[in-house]
Every structure is written in C-alpha cells, then in structure tokens.
Amino acid sequence: FISKELSIRIGSPIIGKSKKLENVINQTILAAGSDYANVLITGESGTGKELLARLLHYCSRRKDKQFLAINSSIFTSSLAQSSIFGHVKGAFTGAISNQSGYLELAHKGTLFLDEIGDMPLDIQTAFLRVIEEKKIMPLGSNHYKNVDFRMVSATHQDIKSMTDKKTFRLDLYNRINTIQIHIPPLRERKEDIPLIINYLLTNLCTKLDKEVPEITSQVINYLCEYDYPGNIRELNSIMQRLVLFNKKNKISIEDLYEILPKKEVPDPIQTLSNMNLSDMERILINQAMIKCNNVQIEACKLLGISSYSLNRKLKKFKC
C-alpha cells in the first residue's frame, strides 16, 4: 500500500490487500494533510497503531522534524511534570542543568502518545491547557515558551466510555479526537494473512541467512482461520518461532501444534468434493504464489502456464 522509500522511513512495509486496510491507509494519508488537526488512532493491541502514526508523520509537512513516541503510562512517576514541560537548573534537587521536556523536543514535529487511556487525570489537565494555548513553562522558570507540535494519540481502550465513568476528561477527548482512525483487528481482514505470512517468512529467513522453508497448506489454513488475540504482533511471534526452531526446511502442521492449540484443519486436497473448479484453481494459484515468494515468473513455471494467464487469474481471484 505504500512506497519502498516510505516503508524504510516508518520502519516497516504495510502488507495486505483487504479493502479495510486500504481504507485505513487512505484515511491516514488524508489526515496527514491536515497539519494541525489532532488524531486519535484506535485499535486492539498489536494492530500497528504506532506504525500508522509514523506513516501519518512521514506523509505530512512535518516529516523532516522529530517524531517523538511516548507511552502515556510513564506519566505516573513523580517526575512526570519535568519530563513533559522540562525544567531549568536548580528547579529541584538533582536539576543540575536546563532540560527540555517532551513538548519542546516535539516542536515543529509530531508527538505520539501511545495508550493515552493510561494517562493520569492530573496530567490530562496539564495536556489540555498546552493543546489549547501551545505554550509551556518549564519547572522553575518564570517564562513561557511557544511550542508547535502535532498530537497523535493511540489507545486500545474505549475512551468514550471512560469519559462517562469520569476516568478520562471529556474535554481532552474532544481535543485529541479531531480525526479518528480505527485499525480493524487481523481476524476481520483474513485475506491479508497469507501476504503477511509470506512477508514475515521471507524477511526473517533473509535476516537469518536461511533458506525459506516450505510451508504446508494445512499450516496456511490454520493460520488463516486463527483469531489472533495479539493481532500482527502475535502472528510475527508465531512465524519467528516456526522459523527459528525449524530444522527440516518444511513447516508442517505438527510444528504449528507445538505453538498453538491442536485442532483439525482440513487440507484443501481432502475437501475437493466440497469445492468447484474455480475454488480449486484459486487455492492452487494462491499456494503457488506463496511458495514462489510472489515471484510471478517462478509461479508460472510451477503452474505450467503463461505470464498472461497468471496475471488474468490473479486479477480474477484477487490473489
């Protein structure tokens, strides 16, 4: 969905073909053009909220400035105010020099606050004032400093219900939620899973200087049907274990059962009676593309068809 250059800048490509993922990317790129609008990214743990925040930053006019990622849970410490606003020398015991806070470090750039639902109420109040005034006063100082940053927040929690329970400020929620982007969980876009498996498998083997192992259709079927409570982060962990502990250059369903609960997964070959010719052709082409790491010339050789025929079938089946 994004260029190789942009993938390098954000630290990872974004892999998939589902309409839901495409919509998320399009929303993010559109939001990037609204340079001062605060953005709230929602989604379950492991869906890639920080990756999306980085995409937002590097597609914006602030792309050459700082992208500062902070987990909101750190603001529970006694030095939270200092870390946010900075301090001047002598502001408190141990303040031996002037120190810039996160808001000043993010000047002209993007401040990404991950898991903002974990932010304490007193820190929420402090952030609300800064968002409105775009001014900070470092601890121990008598002078304000102007700050210009874009605030992008992320959470896996239902912040709207938290405002009803008074555990999150409604006025802050309205400030950070100018634009909201929701990342659907992996189980709701299963058509992306084979492509992600292929990418993770190839990328990991390249890093380890290992030959890419064959992966059986039963393994693919299981991984496509699994619900992934931990989303892409969990799938990445599964693939790492399958590759690291594989000695046969082939990943079988028995290898997968050592990681995930055992269950019967029908092999496509064993369920031909329930399929029509089109179903079987789609599965065969998909398996060939996975086996050949999406190299179409190799897949043509494996299938014994021309590149024209393969392209036509890829478009037909949206493989």
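**Packing and cores**

Tutor: Happy to! This is a predicted model. Beyond its neighbours within four places in sequence, L113 is in contact with I70, S72, F75, M119, F127, M151, V152, S153 and A154.

Student: Which element gives the most residues to the largest nonpolar core?

Tutor: Let's begin with the core itself, which has 29 residues; F75, L103, L111, L113, I116 and F127 touch the most other members. The elements that give two or more residues to this core are β2 (67-71), α4 (80-85), β3 (110-114), α6 (121-133), α7 (159-164) and α8 (170-176). With 6 residues, the element giving the most to this core is α6.

Student: Are α9 and α10 oblique or roughly parallel to each other?

Tutor: Good one! Helix α9 (residues 193-208) packs with helix α10 (residues 217-225), their axes 9 Å apart and at an angle of about 120°. Angles over 145 degrees count as roughly antiparallel and 65 to 115 as roughly perpendicular. The angle therefore makes α9, relative to α10, oblique.

Student: How many nonpolar residues are in the contact of α9 with α10?

Tutor: From α9 come I193, P194 and I197, which meet I220, L223 and C224 in α10. The residues of this contact include no polar and no charged ones, and the nonpolar count is 6.

Terms used
Residues are numbered from 1 along each chain as its sequence is written. This is a predicted model: local features need pLDDT of at least 70, side-chain atom pairs count only at pLDDT 80 or more; totals for chains, interfaces and linings use all residues. Side-chain values use heavy atoms; hydrogens and water are left out. Axes are lines fitted to C-alpha atoms, for helices over the stretch in contact, and angles run from 0 to 180 degrees between N-to-C directions. Helices (H or I, at least four residues) and strands (E, at least two) are DSSP runs, numbered from the N terminus. Angles under 35 degrees count as roughly parallel, over 145 as roughly antiparallel, 65 to 115 as roughly perpendicular and the rest as oblique. Contact means heavy atoms within 4.5 Å. Ala, Val, Leu, Ile, Met, Phe, Trp, Tyr, Cys and Pro count as nonpolar, Asp, Glu, Lys and Arg as charged, and the others, Gly among them, as polar. A nonpolar core is a set of buried Ala, Val, Leu, Ile, Met, Phe, Trp, Tyr and Cys residues joined through side-chain atoms within 4.5 Å. Buried means under 20% relative accessible area, exposed over 50%, partly exposed in between (1.4 Å probe, protein chains only).
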